[in-house]
Amino acid sequence: MLIFDGDYPMAYSGIERNRDVTCPLAEVRAAGDPDNVAFACLPEMRRGRVAAALMKFTVRRERENSILDGLRGSAAVYGAARGQLAYYHILAEQGEGVVLTGGQALATHMSVWEKAEDTERLPVGFILGMEGADPILWPEQVHEWFEAGVRVVSLTHYGPSTYAHGTGSTGGLFPPAGELLREMSACGMLLDLTHISDESFFEAVDLYEGPVLASHQNCRTLVPGQRQFSDEQLRIVIERGGVIGASMDTWMLCPWYTLDWSNTGGYNRRDHFRREDISLSHVADHIDHVCQLAGNADHAAIGGDTDGQGGIDGAPAEVDSIADYQLLVPILEERGYAREDIEKVMYRNWVRFYTDHLPKGG
């Protein structure tokens with residue numbers, strides 16, 4: 001079965017972790033950090049039939065009360081983000097992937113993958129997304145990023161950003177956000193609500209008129225804590241026609257420990273749970289919860305945060321490779337999901353969402 005990964009910060013892996021993602025996984029691991037072991041790269045995506053992904057780039061500005069490291073000064077933030085964006089474009093020029101900017105291009109790309117028996121030489125589809133909007137230096141500049149191929153933007157990441165409060169912080173939108181959301185809606189930039197604080201969430205969905213998604217977001221009913229969405233928030237995304245990608249991050253899957261997200265750099269997972277305690281069944285629980293809220297399987301999907309959670313140490317026990325996302329299929333079958341609905345979860349929901357809401361060509 002094909003897979004669409006709803007969140008893969010490959011630029012983080014390739015640039016900040018200094019991995020050559022064009023190499024086989026064994027080579028990536030041999031050259032990498034033994035304390036942060038990769039489980040994805042482009043050859044492994046092809047082996048696992050991961051046809052496409054929302055490929056993220058993330059650059060934060062350092063400010064008072066920053067939770068994660070950031071860059072000092074707007075020029076540095078902008079330049080670093082353009083560099084990560086260029087990373088995806090050059091991979092596409094090298095034939096490793098294809099940047100998909102329109103709905104028809106995505107539909108054509110997925111049709112090729114669906115018909116292919118051997119996917120080892122196929123380019124992987126890249127839909128480009130900005131995680132945290134600090135690189136958008138003024139609201140009108142979002143049009144420049146759209147012209148450069150970016151199709152998805154989240155307002156914030158960890159802590160307060162230029163436009164909104166994010167994970168580990170509380171509060172509403174900052175003054176420039178209203179204008180940014182209007183410009184995003186005008187140019188067709190899609191709003192990813194992942195990482196946003198509760199107050200900022202409700203203000204954003206009132207102001208933004210376009211389609212919304214949650215690329216890697218789990219359910220607060222199952223795992224308490226601010227990083228997850230409440231049922232009210234999930235229902236709003238569903239009612240707006242959005243898709244919610246279940247994150248593979250074990251911090252977001254452990255039902256008995258609530259992480260204080262205001263200090264994400266100060267915790268070791270193994271002090272609170274073993275990796276083998278968290279399985280793909282926990283991921284399936286979040287997928288099922290979204291399906292129960294929706295009354296159908298049209299809004300649940302995979303949002304791996306692939307390698308963004310610290311490599312395999314932060315992924316469910318069965319996941320040694322991105323190809324192991326396929327193991328969700330028998331788990332959902334055992335829970336009574338029909339083949340058609342499993343295909344929706346594994347890839348068709350993301351494909352439908354982007355085909356409907358990206359520009360028609362591309």
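How many bridges join strand E4 to strand E5, and do they run parallel or antiparallel? 4 bridges join E4 to E5 (residues 150–154), and the two run parallel.

## Basis of the model

This is a predicted model, in which local features need pLDDT of at least 70, side-chain atom pairs count only at pLDDT 80 or more, and totals for chains, interfaces and linings use all residues. Residues are numbered from 1 along each chain as its sequence is written, and side-chain values use heavy atoms, with hydrogens and water left out.

## Strand E4 and its burial

Strands (E, at least two residues) and helices (H or I, at least four) are DSSP runs numbered from the N terminus. All 8 of the 8 residues of E4 (residues 124–131) are buried, so this strand is largely enclosed by the rest of the structure. Buried means under 20% relative accessible area, exposed over 50%, and partly exposed in between (1.4 Å probe, protein chains only).

Val-124, Phe-126, Leu-128 and Met-130 point one way from E4, while Gly-125, Ile-127, Gly-129 and Glu-131 point the other way.

## Partners of E4

Two strands pair if DSSP finds at least two bridges between them. E2 and E4 run parallel and are joined by 6 bridges; Phe-126 in E4 is the bridge partner of Ala-53. In E5, Val-152 is the bridge partner of Gly-129.

Strand E3 (residues 97–99) also runs parallel to E4, with 3 bridges joining them, and Gly-97 stands opposite Val-124 in E4.
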